[in-house]
Amino acid sequence: MKSFEKLLLENKAWAAERIEEDPEFFHRLENIQRPEFLWIGCSDSRVPANEITGTQPGEIFVHRNIANLVVHTDLNLLSVLEYAVHVLEVKHIIVCGHYGCGGVKAAIGHHSMGTINKWLRNIKDVYRLHQTEIESLTDDDSQLDKLIELNVKEQVLNLAKTSIVQKSWKHHNRPSLHGWVYRLSDGILHPVELIEPNSPMDHIYEYDNL
Ligand code: CO
């Protein structure tokens, strides 16, 4: 059997198990999607949103990209964000990074990789913003872990800077913005940031006509 054929076979078994456990499982999900969470995670195959949080289909709206970035010119991310906040009305947005992230590792290095350089440059900017704090750590692993945490915090801040989030904060007092880092070695999520609705931020980012 080819590897992809196994996926299709496993899918049939999975669907049959769901129906056996709960005959209404698919019927319930067919007509409505009302997740409480938007997940912005890394594309890394080892950090699947549903599995590590014990959640089911229908519970988390998911966007993933290399190194879980919130880039203000990313039409894909912005479309997901706007839909999640204004239509699905999610209560929480979780930016989830992970220790050992290959994207962040590549960004801390100096090897050119073509198109992906432009994406990873966003992480180099995070490094430059926090250079003193990162370089105060003496070993490479600690510096990488610190950049991974700071990158998550910076992406959470990027969410707060958007008119999409600020408008929803003003009119609906949601969503809360969370930054978590997942540890591959033990499977545990570590919260590193939480911005509640209408928290004060640098004034330059605030809109006054939302
Ligand atoms: Co990663």
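This is a predicted model: local features need pLDDT of at least 70, side-chain atom pairs count only at pLDDT 80 or more; totals for chains, interfaces and linings use all residues.
Residues are numbered from 1 along each chain as its sequence is written, and side-chain values use heavy atoms, with hydrogens and water left out.

I then looked up the geometry of the pair: α6 (residues 116-129) and α8 pack at an angle of about 105°, with their axes 10 Å apart. The axes are lines fitted to C-alpha atoms, for helices over the stretch in contact, and the angles run from 0 to 180 degrees between N-to-C directions. Helices (H or I, at least four residues) and strands (E, at least two) are DSSP runs, numbered from the N terminus.

**Cobalt site**

I next checked the cobalt ion, which is coordinated by Cys42 through SG, His98 through NE2 and Cys101 through SG, at 2.0 to 2.3 Å. Donors here are N, O and S atoms within 2.8 Å of the metal (3.2 Å for Na, K and Ca), and water is not among the atoms, so sites may look incomplete. Along the chain the donors follow the spacing C-x55-H-x2-C. Because Cys42 lies in strand β1 (residues 37-42) and His98 in strand β3 (residues 92-98), the pair ties together parts that are 56 residues apart in sequence. I found Cys42 buried at 7% relative accessibility and His98 buried at 1%, taking buried as under 20% relative accessible area, exposed as over 50% and partly exposed as in between (1.4 Å probe, protein chains only).

**Salt bridges**

I recorded 10 salt bridges in the structure, each being a side-chain nitrogen of Lys or Arg within 4 Å of a carboxyl oxygen of Asp or Glu. One of them joins Lys6 and Glu10 at 3.7 Å, N to O; these two are 4 residues apart in helix α1 (residues 3-21), so about one helical turn separates them. Lys6 is partly exposed at 47%, and Glu10 is partly exposed at 44%. Asp22 and Arg28 meet at 2.9 Å, N to O. I also noted that Glu17, Arg18 and Glu21 are linked in a network of salt bridges.

**Backbone**

Which peptide bond is cis, with omega near 0°? I traced this to the bond from Arg174 to Pro175, and Pro175 is found in the loop between α9 (163-172) and β4 (176-183). Ala67 has phi near 70°, a positive value in a residue other than glycine; its place is in the loop between β2 (60-65) and α4 (75-87), and Ala67 is buried, with a relative accessible area of 0%. Phi of Glu89 is near 60°, again positive in a residue other than glycine, but Glu89 is partly exposed at 34%.
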